[in-house]
Amino acid sequence: MRDKTLKIPVFVSYPSRFEGEPGRAPVMGFLRSHVLENSLEWTTIGMAPFSNSPIKSLLSAMRGCYGGLVLGFTESRVDRDDTSGGVEIVSPWRQIEAAMLLARDIPVLMLRERNVRGGLFEPGEYLMAEMPAIDGPNHGFEAAFNIWATKVKQLYEKVNSTFDV
């Protein structure tokens, strides 16, 4: 049985420059609190030793994590000439980090802002929900987050179970 004070590490992929941004700081704080309240530990690239190779640094940061949380904040917009209005996309690094997490075969939750599309932010065979609203209902987010957190804890228990002899 797991020590309830022990936090299970999960890798969180997000643009660090958004932490202090007024429009996104409340969402970041909400998500960080949600992670911690569920006995999970927020782990990022900035917490690992950085090498000259960003991919090696990512692998180092992801090592020992039992889940991944990918935050799809709009980082640029591609306008089209037609009436569709364009598409909002994330940094290629969110795509790379998401793919690396999925390749590790650990539970991954993709959260995206409403209009974010493209690559791994299209519906797929993984858990995805819209970014939570700070002052509104979050039924889709809550359901997806709870499923993900349960899978993370189950993986942790499976990997770290000990057998009495």
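First, some ground rules. The model is predicted, so to speak of local features pLDDT must be at least 70, side-chain atom pairs count only at pLDDT 80 or more, and totals for chains, interfaces and linings use all residues. Residues are numbered from 1 along each chain as its sequence is written, and side-chain values use heavy atoms, with hydrogens and water left out.

**The overall picture**

The chain has 4 helices and 7 strands, arranged along the sequence as β-α-β-α-β-β-β-α-β-β-α. Here helices (H or I, at least four residues) and strands (E, at least two) are DSSP runs, numbered from the N terminus. Of the 165 residues, 42% are buried, where buried means under 20% relative accessible area, exposed means over 50%, and partly exposed is in between (1.4 Å probe, protein chains only). Take the contacts (heavy atoms within 4.5 Å) between residues at least 6 apart in sequence: 66% of them join residues at least 24 apart.

**The sheet**

Five strands make an open sheet in the order S2-S1-S3-S6-S7, with parallel pairing. Two strands count as paired if DSSP finds at least two bridges between them. S2 and S7 (127-130) are the edge strands, each pairing on one side only. From one strand to the next, the twist averages 25°. Angles run from 0 to 180 degrees between N-to-C directions, and axes are lines fitted to C-alpha atoms, for helices over the stretch in contact.

| Strand pair | Sense | Bridges |
|---|---|---|
| S1 and S2 | parallel | 4 bridges |
| S1 and S3 | parallel | 3 bridges |
| S3 and S6 | parallel | 5 bridges |

At the residue level, Pro9 sits opposite Glu41 in S2, Ser13 has Val70 in S3 as its bridge partner, and Leu71 is bridged to Leu111 in S6.

S1 is mostly covered, with 6 of its 6 residues buried. Ile8, Val10 and Val12 point one way from S1, while Pro9, Phe11 and Ser13 point the other way. In a regular strand, side chains alternate between the two faces of the sheet.

Now for the helices. H1 lies across S1, S2, S3 and S6, at about 135° to S2. H4 packs on the sheet too, touching S1, S2, S3, S6 and S7, and its direction makes about 145° with that of S7.

**The cores**

A nonpolar core is a set of buried Ala, Val, Leu, Ile, Met, Phe, Trp, Tyr and Cys residues joined through side-chain atoms within 4.5 Å. The largest one has 25 residues, and those with the most contacts inside it include Leu31, Trp42, Leu71 and Trp148. H4 gives the most to this core, with 7 residues. A second, separate core of 17 residues includes Met62, Ala98, Met110 and Tyr126.

**The rings**

Rings of Phe, Tyr and Trp (its six-membered ring) pair if their centres lie within 6.5 Å; planes under 30 degrees apart are stacked, over 60 edge-to-face, and the rest tilted. That rule gives 5 aromatic pairs. Phe30 and Phe141 have ring centres 5.8 Å apart and planes at 55°, so this pair is tilted. Phe30 belongs to H1 (residues 25-37) and Phe141 to H4 (residues 139-160), 111 residues apart. Phe30 is partly exposed, at 23% relative accessible area, whereas Phe141 is buried, at 2%.
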